[in-house]
Amino acid sequence: MADRLERSGTADRLERILAEAVPRGCPAAVALIAVDGEVAASAAAGELVRYADAEGTLADDRPAARRDSVFDLASISKLFTTAALLSLAEEGRLDLDEPVAAWLPGRDRRLTLRRLLTHTAGLPPTRRIDLELPGADPADRLAAMVGTPVTGPVGGPYLYSDVGMVTAGRVAELAGGAPLDELVRDRVTGVLGLRDTGYRPEAAALPRVAATEWKPERTGPGCVRGEVHDETAYALGGVAGHAGVFATAGDVLVFGETLRRGGGAMLRPETVAEMVRDQGAEGAAFRHGLGVRIGDPAIVGPLTGAYGHSGFTGTSLVVDPARRLTVVLLTNAVHPVRGRDGIRALRHAVAAEALRLAAS
């Protein structure tokens, strides 16, 4: 009985943390905390679709968030791209330190996958290819993206670049001989049994998908739902190296736990060790591994030394091997408009609860 009461109290604490943030900070949130590979706390709060427009008009149908709800992961997608690339590297299909010009003729030979994955390639942060080439198809837009000129110092300092991750995703396609979504499915999500994770959710999953932003330039009424929020990824057909993956909190937890435990069937332990090693990128508020951020103050809170990534939509994955923790927070903080306050505080509160659970 005491154990059941303790587990109930743990769930209540996490539920209170989410309830304090919903709907002011985000309309919907799902959080999972695993200690030693076991779920120690889980909670869901809010509504997957709360608003009908940018003015905050309440939607007629407001389904409740649940543990199996599906969220747009935004930049957490970068970790799935990275895992696919590292899988290809294990097979000898590519080398992290060879010039990407081996796959993309004409590119600056100083550009390597290691520099792309650590955001030290000197490429610009973003490029609104949808606005530059409004009538082009995704293939032509992708070709333009990977041809983006270097504009900063190559090798550092750190400059966050979606362009770099799009380029990395294209190299994965060329080396792997398949589109990026297939590579991620075959080398990551399929291997791990992540049935609710992937690009471009199927229509059958739509009732479980959280809405994001009001974007009147897209077809269809209401806020975006079931389509990638990121404008560049949308312009590239919904699949890109920097964004586009949708998932449940449970699937993201499995992915994070796989990394914490050394890669499982997805990657070799030495590959994961290299992925989460400080690669020496300078000029950021955190250390940087391959694709992952280490000690990012925006997401780790008191879990100093933990690694992971955040997403613009309001998502985060934090893995703390030293404390045997994996922490997942999925929200739709950009619904119906971006710029909400409170998501950083929510991430820190969930991380603090994870720390408490690890110490108890």
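**Exercise 1.** Work out how strand β1 pairs with β2, and where that puts β2 in the sheet.

*Solution.* Start with the pair: β1 (residues 28–35) and β2 run antiparallel and are joined by eight bridges. Strands here are DSSP runs of E, at least two residues long, while helices are runs of H or I with at least four, both numbered from the N terminus. Pairing takes at least two DSSP bridges between two strands. Within this pair, V35 sits opposite E38 of β2.

Now zoom out. This is a predicted model, where local features need pLDDT of at least 70 and side-chain atom pairs pLDDT 80 or more, though totals for chains, interfaces and linings use all residues. Residues are numbered from 1 along each chain, and side-chain values use heavy atoms, without hydrogens or water. The open, antiparallel sheet has seven strands in the order β2-β1-β10-β9-β8-β7-β6.

**Exercise 2.** Describe how α2 and α6 pack.

*Solution.* First, geometry: the axes of α2 (residues 77–90) and α6 (residues 162–176) come within 10 Å and cross at roughly 35°. Axes are lines fitted to C-alpha atoms over the stretch in contact, with angles from 0 to 180 degrees between N-to-C directions.

Next, the residues: α2 brings K78, T81, T82, L85 and L88 to meet a set in α6 including M165, A168 and A172. Contact means heavy atoms within 4.5 Å.

**Exercise 3.** How much of the chain is buried?

*Solution.* Of its 360 residues, 57% are buried, meaning under 20% relative accessible area (1.4 Å probe, protein chains only).

Definitions and conventions
Buried means under 20% relative accessible area, exposed over 50%, partly exposed in between (1.4 Å probe, protein chains only).
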